[in-house]
Amino acid sequence: MEKIIVRGGRKLQGEVDISVAKNAVLPIIVATILNPTEIILRKVPMLEDVTVLINLLRELNCEVKFSPITGDLKINTSNLKEIEGNNELIRKMRASFLVMGPMLARFGRCKISMPGGCNIGSRPVDLHLKGFKALGIDSEIGYGYVEAKIKNLHGNRIYLDFPSVGATENIMMTSVFAPGVTIIENAAEEPEIWDLARFLNSMGAKIEGAGYGRITIHGVSELKQPEPFTPIFDRIEAGTFMVAAGITNSKITINGVNEEHLMPTIEKLKECGVYCKMDGEKMIVDGTGEKRPVDIKTMPYPGFPTDMQAQMMALLSITKGASVITETVFENRFMHVGELGRMGANIKIDGRVAIVEGVNNLTGCQVKATDLRAGAAMILAGLVANGQTEIGEIYHIDRGYTNIEDKFRKLGAEIYRTYR
Ligand code: UD1
């Protein structure tokens with residue numbers, strides 16, 4: 001069984017390069033289904049979730065060439081065939097539900113297994129289906145699958161009860177060809193939504209307002225071959241390294257950062273005593289100062305990202321004083337609390353609220369990555385813990401971080417992977 005071993009106590013120094021964002025690249029790969037021509041994506045990171053999508057497209061007869069060294073991903077979905085039955089790859093990953101919209105656009109119907117992904121809550125798909133219905137698509141949920149059929153595709157005004165990232169993306173992709181105008185109200189505002197629209201528009205789609213709460217899509221009849229496209233940098237990976245500087249009392253440089261996308265994390269870290277300064281696309285993070293406890297409430301963007309909650313909890317678990325963390329996006333995203341507790345953290349949960357009472361130090365032991373970002377939190381805790389931390393179930397980490405142990409080792413951490 002693969003494990004990541006971290007020996008705590010080292011300061012970090014030097015520079016780390018951030019990869020392209022997992023949450024940007026996954027919907028963009030899926031969006032290639034809309035356009036049967038050769039499409040080149042640049043700097044695509046070698047992530048388990050990317051591999052799952054590539055394998056799915058190959059299984060569906062698409063031509064996919066990936067060079068892990070350059071990160072060039074060439075996709076041609078001209079020979080795409082319909083998904084049949086209970087697809088194992090779809091069940092593996094939540095983001096794969098995004099194929100529904102583009103598949104409907106290509107075949108007028110689609111039947112897929114209910115998606116999987118991190119076990120952080122029930123993660124229903126009702127908002128996706130509500131959007132489909134408004135666009136003239138009927139759907140039905142059966143035992144373990146969702147089936148949808150286009151009845152009368154047309155633009156419409158869709159109000160999302162919650163600004164779901166996946167639903168916004170799925171509806172945006174589906175309405176690219178919907179005759180008339182589609183308006184998504186209370187749309188998710190995450191930078192990855194803006195990036196997906198940038199990609200779709202580069203193929204000739206007509207989308208305005210993506211990245212804000214109201215997105216307008218004018219239906220087009222066809223798409224053209226786009227120029228090679230490079231998605232945005234990963235704000236969550238950057239945020240993870242920013243917290244690493246804080247937790248190890250270090251000063252590091254992070255290359256490939258969009259300051260605006262990271263504003264909620266930058267501001268919270270500043271409140272906590274970790275200071276970030278931009279120098280072009282580089283960010284200098286000074287975590288050498290004294291830390292203060294902070295209160296955090298996760299929210300849809302531009303609120304504090306739920307994908308940074310576990311990492312911040314690791315930092316606050318050794319920050320003197322009491323911090324309160326409220327998780328409002330997912331109902332089951334505190335599984336790392338038990339693992340941090342094994343390392344000596346003092347955290348109590350009451351529903352969606354965690355009260356973190358900072359301790360003087362953590363102690364290395366055997367823990368597991370209970371989900372993707374929880375796994376990152378275990379590495380961060382391990383960097384500062386006394387002794388050795390052994391992290392199991394690291395396939396969660398590999399879903400969203402490229403060469404994480406290499407990147408930390410380059411910064412001076414004592415971290416490696418074992419295969420037994
Ligand atoms: C995406 C991100 C994930 C991030 C999350 C919130 C990708 C591949 N993943 O996930 O990393 O943590 O946004 O920023 O981009 N919901 C419903 N009904 C729906 C859809 C969602 O109730 O039809 C609920 C979910 O259960 C959850 C909340 O809305 O409680 C947020 O989910 P959503 O924004 O859709 O997240 P994902 O797109 O799954």
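Student: Where is isoleucine 394 found?

Tutor: Isoleucine 394 sits in the loop between strand 21 (388-392) and helix 13 (395-400). Helices (H or I, at least four residues) and strands (E, at least two) are DSSP runs, numbered from the N terminus. This is a predicted model, where local features need pLDDT of at least 70 and side-chain atom pairs count only at pLDDT 80 or more, while totals for chains, interfaces and linings use all residues. Residues are numbered from 1 along each chain as its sequence is written, and side-chain values use heavy atoms, leaving out hydrogens and water.

Student: Why is isoleucine 394 called buried?

Tutor: Buried means under 20% relative accessible area, exposed means over 50%, and partly exposed lies in between (1.4 Å probe, protein chains only). Isoleucine 394 has a relative accessible area of 2%, so it is buried.

Student: Which residues is isoleucine 394 in contact with?

Tutor: Leaving aside neighbours within four places in sequence, they are Glu2, Lys3, Ile4 and Arg417. Contact here means heavy atoms within 4.5 Å.

Student: What makes glutamate 393 stand out?

Tutor: Glutamate 393 has a positive phi of about 55° although it is not a glycine. Most residues other than glycine have a negative phi. Glutamate 393 lies in the loop between strand 21 and helix 13. Its relative accessible area is 28%, so glutamate 393 is partly exposed.

Student: Why does asparagine 186 count as partly exposed?

Tutor: Its relative accessibility is 27%, so asparagine 186 falls in the partly exposed class. Asparagine 186 also has a positive phi of about 55° without being a glycine, and its place is the loop between strand 10 (181-185) and helix 7.

Student: What makes the peptide bond from tyrosine 301 to proline 302 worth a look?

Tutor: That bond is cis, with omega near 10°. Most peptide bonds are trans. Proline 302 is in the loop between strand 16 (296-297) and helix 10.

Student: How do you know that helix 10 is mostly covered?

Tutor: In helix 10 (residues 309-316), 8 of its 8 residues are buried. Among them are Met312, Met313 and Leu316.

Student: What does UniProt list for "binding site"?

Tutor: The unreviewed entry lists Lys22 and Asn23; such annotations may be inferred rather than shown by experiment. Lysine 22 belongs to helix 1 (residues 22-31). With a relative accessible area of 7%, lysine 22 is buried. Its contacts beyond four places in sequence include Asp49, Asp234 and Arg399.

Student: Which residues does glutamate 192 touch?

Tutor: Not counting residues up to four places away in sequence, glutamate 192 touches Asn23, Ala24, Glu169, Ile232 and Arg235. Glutamate 192 is in helix 7 (residues 191-202). It is buried, because its relative accessible area is 4%.

Student: What does the secondary structure of the whole chain come to, and why is the chain called as compact as a globular protein of that length?

Tutor: The protein chain has 14 helices and 22 strands. Its radius of gyration is 21 Å, close to the 22 Å that the globule rule gives for 420 residues, so the chain is as compact as a globular protein of that length. The radius is taken over C-alpha atoms, and the rule is 2.2 Å times the number of residues to the power 0.38. Of the 420 residues, 57% count as buried.
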